[in-house]
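Here is my note on the salt bridges of this model and on one of its helices, written as numbered points. Please keep the sequence and the structure open while you read.

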Amino acid sequence: MTFFSGIVKSSLSLLGSNSPAFGYHIGDKVEFYADQSVWTLHHGTKKEDGSPVSIFVFDRNKSRDRVQLARNAFKRIRTLRHPDILRYLDGIETEQTIMFATEPVEPLSNQINQDPNPNLILWGLYKIANVLKFINNDCGMVHGNVRISSIFTNKAGEWKLGGLELLSSMSEESPIFMTFGGLVPDAQRYATPEIKKSGWNNETDSNHVDSLPIESTDSYHLGCLIYEVYNHRFESTDSLLQQKGDIPISIQRIYSQLLHISAKGRATAKMFLDEGLRPRGFFSTDFITINLFLENISVKDQSEKEEFFRQLDSTIDSFPSEFSKYKILPELINAFEFGAGGVKALNAIIKIGDHLANNEYESIIIEPIVRMFASPDRAIRIGLLENMHKFIDHMSTGMVTNQVFPNIVTGFTDTIPIIREQTIKSTLLLVPKLSERIINYDLLKYLARSQMDSEPGIRTNTTICLGKIAKHLSEGTRKKILIPAFTRSLRDSFHHARIAALMALNATSAFYDAQDCSSKVIPAIACVLIDKEKPVRDQAFKTMQTFITKIQEYADSMPDTALEPVSNPNESEVQNNGLTGVLGGATKGLAGWAVSSIQSRFVSPVGEIDRPLSSPQLIPDNHITANGVEKPVTLNSSLINLTTLDDSVGNEGWDNDSNTSVDFPLSSDNNDNTWGSPRDTFLHSSDHSLASPASSIITFSHTTKAQNPMKLGSKNKNIDLDDGMSTPSPLSFAEAVSPTTGNKSDRKAELERRREERRQRMAELREKKKSSTGARKIENADI
């Protein structure tokens, strides 16, 4: 077989089949079609794009007596166009060969031998009768060669009429049908009764072909075709009327009329169509009704279209898959794209498209759908948005970014709310195929506008959409956008929007750090814990629990303290020992912070804030005498910064008695000696019973001599910081701050008494300052 195929290709090459003027490559020969026609059928491809075609080849050298038949067929197929005739693409005629290319087809015999679907046979008979009606009635011509070998099927299984070798007009001087009719293969087997009686070119017979009705020959051949497609091959036309075989009963009456022995009494192709299309006729099936409607959908009104598409949705699954893909689907796409079918056709298009391969789906369905996204018809745009989930997976990233998204974003600003809403919903499907730049900038710009839409449903869907696309946002964008967007929705007057915000926060909790959770998210959620709507409250508590759990886990992983170790070992030992005695080991960090804070504040003897010493020391404030009366302690500094920790403070914070520090100037005129002798300032190691109570921690710091003092009314004297002073040892400080035993209520009462005494002393000092300042002014005035 390979050897003979090589010979054929070599012969065709010699005959000029590969001529540059013919833009197609000739492929393998269809062997089973050999000897059924004057033509040989080959598979072929277009040189330009490789698309498949069928090529009919006639070799002049092998069939010189049939050249006129081939030339007539070549002439007619180029000039006669009808949807049910083979679609001519290109052809060439040389001295050796005649060839032409058509749409890719297969001989009908191939389909008949595979037990085809009955709907395909009925539809095929309709198509052949329809084209014969066109040839006989509209063109006034005779085909003369209607048989299985002259009919071909395309990819959809739809029948196409070929075999135009005898097509001629009976008004011509010498119709080729009369002069060369006997040269076609199997001419005698398909001969009509009148041809068998008088021959092909008997002009003396009154019943000769040219004197008979034009339709008579083609009508008889149509009857023969009906028998063949239901019963396969027949040997002679004489037995066709008696042996109907498997021909459906509904067709048998018109079948008999088509084969009437008298040419003038035969039914015509038009009569065959009318019989089948009448109510309850053999063409009154869903399959044929739908096909006929699709072919004429442009002239149907809207109500008929709606009824048709409802019927199509319920019956499309029963149709042959190949026919649906290659016949019904192109018709639907054409109706959808050019407005005849509208959005109703989209559902059927997508339903049929499920049977297509990926490459076919993209070329047949996706390309027209992408073009339709630019349509100004709102109904089509809504239909595309609603059905996007059915075809988005077949779109490439570049297609979505460059062609689809620029048209979709116009829906964010549309005046029709339903389009804005559907646009937001479709965003969830588009985001995985959009670039990072579009997601983090362009898209968020439109969503920010939608969050302030006048329609509450659109605001709600925007929040839901933002929560679902959060994983596609960059980390910086999430930190900047999500919390402000969701907390804004928590203040929405529409309670479903508040629920959506809570759910979105819950779903995106993994994107927030503990600091944002505690300072931004939880305070916002707390506002809706007592919302007026119970569903909001319920969701708020669920979301709050999620964030509380997240913060708790983070807090458990934190260290006990963030303080760095003290550089001076001796000082660290003194501080830790003293604070441990007062507050226990659990408050070392807190007390250390308080000590360092107090040491940073110093005031000069005359009330001016001065620079602290480079190495401040901690000195106990006071002690309690044997009779239980507190005796103040005076340092060689004129400023005392008093800070107490009251046991009654519930939050364990630092409770200051006054909002501002109080300055106590010490001068030679002040003989009150309220704070006692400087010698009484220190506690010795033997005075364990005189330690300060645990309810008060009093720390002191000393400063250097004041520079440029601020005068408060009297001349301040410089005080020698080292005069009569001694620095307490670390041991005496540790003993001074050690806890004492006693009743808590007594200590509290003692503390209150001390506070009251201090307030009185402060008031007295202020009065002295005022009187001193007034006296100085009077003296200056006298002078």
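1. Asp 186 is partly exposed, with a relative accessible area of 39%, whereas Arg 189 is buried at 10%; here buried means under 20% relative accessible area, exposed means over 50%, and partly exposed lies in between, computed with a 1.4 Å probe on protein chains only.

2. Before going further, note that this is a predicted model, in which local features need pLDDT of at least 70 and side-chain atom pairs count only at pLDDT 80 or more, while totals for chains, interfaces and linings use all residues. Residues are numbered from 1 along each chain as its sequence is written, and side-chain values use heavy atoms, with hydrogens and water left out.

3. How many salt bridges does the rule give? The count comes to 34. As background, side chains of opposite charge can pair when their charged atoms come close.

4. Another of these pairs joins Glu 158 to Lys 327, with the closest N and O atoms 3.3 Å apart. Because Glu 158 lies in the loop between strand 8 (151–153) and strand 9 (159–161), and Lys 327 lies in helix 12 (residues 321–337), the pair ties together parts that are 169 residues apart in sequence; helices (H or I, at least four residues) and strands (E, at least two) are DSSP runs, numbered from the N terminus. Both partners are buried, Glu 158 with a relative accessible area of 4% and Lys 327 with one of 8%.

5. Glu 158 and Lys 327 also belong to a network of salt bridges, in which they are linked with Asp 84, Lys 127, Glu 295 and Glu 331.

6. Within helix 23 (residues 514–526), Asp 516 and Lys 520 sit four residues apart, about one turn of the helix, and they form a salt bridge whose closest N and O atoms are 3.7 Å apart.

7. The buried residues of helix 23, among them Cys 517, Val 521 and Ile 525, pack against helix 21 (475–489), helix 22 (495–507) and helix 24 (534–556), where contact means heavy atoms within 4.5 Å.

Conventions. Salt bridge = Lys/Arg side-chain N within 4 Å of Asp/Glu carboxyl O.
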